[in-house]
Each structure stands twice: as structure tokens, then as C-alpha cells.
Amino acid sequence: MSTRRFRSFAKINLGLEVIGKLPNGYHELKTLFATTTLHDTIDITPTRGAISIRSDHPGVPGDETNLAHRAAVAMQRLAGRRSGVALVIHKRIGVGGGLGGGSSNAATVLRALDLIWGLGLGPKGLIETAKSLGADVPYFLFGGPALGLGRGDDIRPLDLRLDQKVLLVPGPGGVSTARVFKRFGEDGGPSGAPSRIDSFLRRSLSLGTLRNDLERAATEESPALSEIARRIRRAGRGAGAVQAAMSGSGSSFFLLFHDAASRAAAGAELRDASIPVVRCSFVSRRSYVNRFEITRS
Ligand code: C5P
């Protein structure tokens with residue numbers, strides 16, 4: 001049976017504000033998501049019933065604990081089908097955290113099986129399944145600029161044009177999301193400060209003023225990350241970055257620039273300090289849909 005190949009894009013959080021704690025123990029967020037051109041690819045081959053998964057990255061589990069495998073199981077159940085799939089993940093996003101790689105892979109499996117099996121569910125029909133897999137999975141049903149509310153899984157797509165040049169700094173990993181949220185609480189919890197995301201969307205504040213409320217907790221969890229953050233900010237300031245911020249709960253960061261030359265200068269400085277960087281750009285919601293499947297050969 002024929003194999004089809006799909007892009008599984010990385011996200012960044014342009015801003016992330018923690019508003020409070022929800023009755024279910026999760027934190028209530030307001031976050032501004034954007035999709036970047038950095039992506040994994042996933043090859044999907046229909047099978048008679050078995051679900052298998054493998055990847056070219058040693059840090060990606062090759063069994064049923066992988067979120068993408070769980071997504072395939074959930075789709076079998078949702079569709080009431082016995083047919084299975086063989087999944088092969090070509091990992092480029094990395095596994096250092098903050099770029100939503102695992103969540104994106106899971107959402108890619110949901111979207112691709114919706115397509116391959118001709119179910120016609122779309123984001124609305126897939127949303128509950130996505131929510132059951134993780135707080136970041138629903139965003140990847142939509143892609144492009146979007147607001148995330150609630151646990152970050154109540155998604156409001158936005159008409160926002162983003163044309164900055166992006167320099168991603170994939171993190172070294174080792175920063176657990178649950179620990180970062182716990183530390184955030186120990187540090188005093190939500191500040192109650194007015195939302196900068198709201199002001200940015202009303203055009204009364206610039207992109208560079210957006211904050212990630214989890215950065216302090218993440219850098220306290222990891223002294224190595226704290227040092228990397230300092231260097232990233234210095235390189236960004238020197239090259240005139242529009243914004244420098246952590247993504248998600250870390251450990252990845254990003255810098256945004258108006259032009260490619262400034263980005264190149266910051267990139268060179270970070271590479272010289274042995275900090276790996278990835279150049280990319282933003283993906284609109286339309287491209288997110290149109291560029292989902294890589295032309296079948
Ligand atoms: O949903 P996910 O499995 O990615 O979340 C990992 C952990 O991060 C949760 O178990 C929870 O401790 C914390 N979290 C939170 N509030 C959120 C998202 C995650 O407290 N909105």
C-alpha cells in the first residue's frame with residue numbers, strides 16, 4: 001500500500017501569560033502561538049491493523065508511549081476502523097522542548113488519518129481527541145497565528161500577518177514542563193499584571209514587549225539554560241532583534257528580526273559560542289493547510 005508523507009511543523013509561543021490555576025490542577029494560560037517553517041516529516045503507510053512507529057532520532061520512543069502512536073490508536077477508535085498504520089518520523093524539530101514537536105506529530109497523525117481514511121472530521125471533529133492527548137495538541141489542528149486560552153487548548157485563530165525572520169535556538173532539554181509549572185507556583189504564581197498579549201492585539205504594544213511568564217521558573221530549574229538565555233539576549237540586542245523570548249516551558253528560545261542580515265549576525269555569534277541555531281520563517285494558516293502533504297512521488 002502506498003506511503004504518504006506529511007509535514008509536522010514546530011510552533012513558538014510569541015507570548016505566554018499564566019493567569020491562574022484551574023480546578024483540574026492545570027494552569028490557565030493566555031498564549032500567542034505561531035507556526036514556523038521548521039518541521040519534522042511523517043511517512044504514513046496503511047496496514048491491515050497493526051500500528052507501528054519508528055524514528056531516526058534516538059530520543060523519540062518507538063513504542064505505544066509515543067504521543068503520535070497514541071494519536072493513531074485514538075483515531076482507530078474515533079473512526080471505528082480496524083485498519084492500522086506504520087508511522088516513520090524524520091525528526092528535525094529536536095526533542096529539547098518548547099517547540100511542540102511531540103504534540104505536532106500527534107496532531108499530524110490525526111489530520112493525516114482524517115484525510116487518508118476520508119472521514120471529513122476537520123479541526124472541529126478532531127478537537128476533543130486532540131485535547132485528550134495533551135494541552136498543546138489542539139493548536140496544531142489549526143496552525144498559523146492563534147490565541148490559546150484555558151489550558152492553552154482553547155484555540156482562537158487570528159488574522160495576524162507575521163513576516164519577521166526567525167532564529168530558533170532549540171534548547172538542550174532537561175527541563176520538565178510539570179516541574180516548571182510547579183516552580184512557577186513556588187515563586188509566587190501569576191503576577192496579575194495586565195495582559196500584554198491583549199495590548200499587542202489591540203496594537204498598543206509592540207511584539208518585543210510580549211513576555212513568557214514561565215522563563216524565570218525554567219531558568220531557575222536549569223542553570224545551563226539561564227546562561228544560554230543570557231547569551232541569546234546579548235546576541236539579540238547586539239543585532240537589533242525585535243524580540244527575544246523563551247518558547248513554551250523551555251528549553252527552546254527564539255529571536256525575531258526585521259531583516260536577514262541582522263539575523264545572520266546574531267546566528268554567527270551564537271554558533272561561535274557553540275549554541276546551535278535554526279533559521280526559519282513563519283507559516284500562515286493557509287500555508288499550514290496547503291503545505292501539509294508533501295507531493296506524493
Ligand atoms: O499537557 P501536557 O502533558 O503537555 O502538560 C504537562 C504538565 O504541565 C501537566 O501535567 C501540568 O503539570 C503542567 N501544565 C499546567 N498547565 C497547563 C499545561 C501544562 O499546569 N496549561
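## Ground rules

The model is predicted, so local features need pLDDT of at least 70 and side-chain atom pairs count only at pLDDT 80 or more, while totals for chains, interfaces and linings use all residues. Residues are numbered from 1 along each chain as its sequence is written, and side-chain values use heavy atoms, with hydrogens and water left out.

## Who surrounds the ligand

The shell around the ligand is made of Tyr-26, His-27, Leu-29, Ala-135, Arg-151, Thr-177, Ala-178 and Phe-181 (a residue counts if one of its heavy atoms lies within 4 Å). By class, that's five nonpolar, two polar and one charged residues. Here Ala, Val, Leu, Ile, Met, Phe, Trp, Tyr, Cys and Pro are nonpolar, Asp, Glu, Lys and Arg are charged, and the others, Gly among them, are polar.

Helices (H or I, at least four residues) and strands (E, at least two) are DSSP runs, numbered from the N terminus.

## Polar contacts and burial

Polar contacts here are pairs of N or O atoms within 3.5 Å. His-27 puts a polar side-chain atom 2.8 Å from a ligand oxygen. Ala-135 has a backbone N or O atom 3.2 Å from an oxygen of the ligand, and for Arg-151 a backbone N or O atom lies 3.0 Å from a ligand nitrogen. On its own the ligand exposes 450 Å², and the protein buries 69% of that (Shrake-Rupley, 1.4 Å probe).

## The pocket

The ligand sits in the largest pocket, meaning that more than half of its atoms lie within 2 Å of the grid points. A pocket is an open set of points on a 1 Å grid over the protein atoms alone, where a 1.4 Å probe fits, with protein on both sides within 12 Å along at least five of seven lines; lining residues have an atom within 4 Å of a point.

This pocket holds about 990 Å³ of space, the volume filled by probe spheres set on the points. Its lining runs to 42 residues, with Gly-98, Gly-100, Ser-103, Asp-136 and Thr-177 nearest the centre. By class, the lining has 15 nonpolar, 22 polar and five charged residues.

The Gly-250 to Ser-251 peptide bond is cis, with omega near 10°; Ser-251 lies in the loop between strands E8 (243-246) and E9 (253-257).

Conventions: Polar contact = N/O pair within 3.5 Å; in protein donor to acceptor, adjacent residues only side chain to side chain.
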